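The sequence and the model come next.

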Amino acid sequence: WFPAADDDDAAACDDDDDDRGTGNAFFFGGHTRPLDAPGGSSAEASGEGQLDPDHRLALRSALPLLKSRNAGVVLAVCAFHATCGVPGARDHALGKALVRILRNQREIQYVVLKTIATLASERPAMFRPFLNDFFVRASDASFNRQLKLQVLTSLATKDGAATILRELQTYARSADAAFARSAVEAAGRVADARPDVADRVCSGLLHLVAAHSDAAGKEGIVAAALVVIRQLLQQGALSEEVVSKPASGTTKKNAAVTTKRAEVVRRLTRALLRPILVSDDASGAAMTETPGGGFSLRSPTARANATWLLGEFRADVRDVLPDAVRLLARSFCDEETAVKQQIVNLAVKAALDPGVAPKKNKLQGETTTKVLDDLLRYVLELARFDADHDVRDRARFFAALLGGNAAKAPANGDGSSPLDRDEWRKRAKRVVTAEKRPPLTAKPTTPGIVDGMPDLRVGSLSIMVGHTVDGYLPLPEWPDIPPDPSVRDAPSERAAGFSGGGFSGPTAGPTAAIDDDDDADDEDEDEDDDDEDEDDDDADDE
């Protein structure tokens, strides 16, 4: 995506080499300091001291099974500790065991990665020391690649974001279009989780769009990048103010204070309108002045997102807004359905809140407001007779919202309409130009819930397929009052008076009772041996 980038780095996704990001980085350049070393294991079990002795014994007794060569056994132990253990007490040991069994057949890898992705959304610190183990390799199956991207975005930290973004930059150059789109979407989730890198990601994706806009087979990547750019701009990326350079022949007083976002919106507007200008020479249009190295947007999804950005951030391009609406209205019939819907939205927003001084048109003698109103009526009339029913429904909705049927409404006593035109426009403006909440692209952090799935048991078949299956038994809730420890004793021990409750030493309770029985049995065996020896001695004497 950068000029003079290393060609070897572009093919890094097809190699099994662990040395990633050695070329000219797109999101982040140079080298980053290594991740913090994992904490020592001496303080891991500090949170288990307040547990019931039997509970603590069960957790500690299952730990040696983490060294089993059977992946199912390791998964069961990890699920047991994740459900019944203390968060943070054994995270390093559990994460290390899951990463160890990750080196297996791809079917087993999928099950392990699914469990890791679920746990990483709740306890990302468990797998941060093993970040490099989740880098995608050429031999990975497509379904495992998607899960690795999900894990990488969950492990993004202030120090690790640079490493993850360099990996995603490599993946975005992959020949697999679906995987490249997923990498672009993952970059957006990292920027959502780490707002301090959102500006870098947004600028990088804009370079990616410029590089692949005219490339064959890259329309999906361009569309995915535009969707992420739109989401980041909604979240406040590139809002830093900059001072624009004054035009030649003018003084420094003419320099305007703008934002980086305004430059991005203006650049995307040029790219949106360039195909229209190329297909039909539009002399005199303000958008014909394009800088060198410009690009164009031809994908319907990309054009729809760029049109939405133009309408949402119209304050950044007020000087070219009327011309942009005019050119898009002229190409309305040739656009796809998604683009037509956004053109209708843009025409309504521009007519209700143009933000442009009502200056006279040199040729027609009409004000800018009058021109935008005429363009709105023209677009609504085109949409009203469109072949797609969604476009027709949207045109009818806005026509009614703007008071298009006010003439048919019953008149008041004085003969006036119930609502005049200005009142309809005010109401429509409150609806159309209302402030919108920014989208959330990061994964939810609710324990056990990933990608909107129900709260299912970790390691179960239901969580693998995303829904409950026949035979699934949910875990019961923790009781408000702990049960009597004696219920865990064997019936014979309870009859003999043994109880596991109220002990403080390691030899008390059921375990101590069983040890006492073993000692008594050993003493009986010793007495029997002594009796046999005496009988043998008597026989020898006789």
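Asp316 is buried, at a relative accessible area of 17% (buried means under 20% relative accessible area, exposed over 50%, and partly exposed in between, with a 1.4 Å probe and protein chains only). This is a predicted model, in which local features need pLDDT of at least 70 and side-chain atom pairs count only at pLDDT 80 or more, while totals for chains, interfaces and linings use all residues. Residues are numbered from 1 along each chain as its sequence is written, and side-chain values use heavy atoms, with hydrogens and water left out.

Side chains of opposite charge can pair when their charged atoms come close. A salt bridge here is a side-chain nitrogen of Lys or Arg within 4 Å of a carboxyl oxygen of Asp or Glu. The whole structure holds 16 salt bridges.

One of them joins Asp316 to Arg261, at 3.0 Å from N to O. Asp316 lies in the loop between helix 12 (300-312) and helix 13 (321-330), and Arg261 lies in helix 11 (residues 260-279), 55 residues apart. Helices are DSSP runs of H or I with at least four residues, numbered from the N terminus. Arg261 is partly exposed, at 23% relative accessibility.

Asp319 pairs with Arg266, their closest N and O atoms being 3.1 Å apart. Asp319 is in the loop between helix 12 and helix 13 and Arg266 is in helix 11, so this pair ties together parts 53 residues apart in sequence. Asp319 counts as exposed at 53% relative accessibility, whereas Arg266 is partly exposed at 22%.

Salt bridges also link Lys370, Asp374 and Arg377 in a network.

Technical notes
Helices (H or I, at least four residues) and strands (E, at least two) are DSSP runs, numbered from the N terminus.
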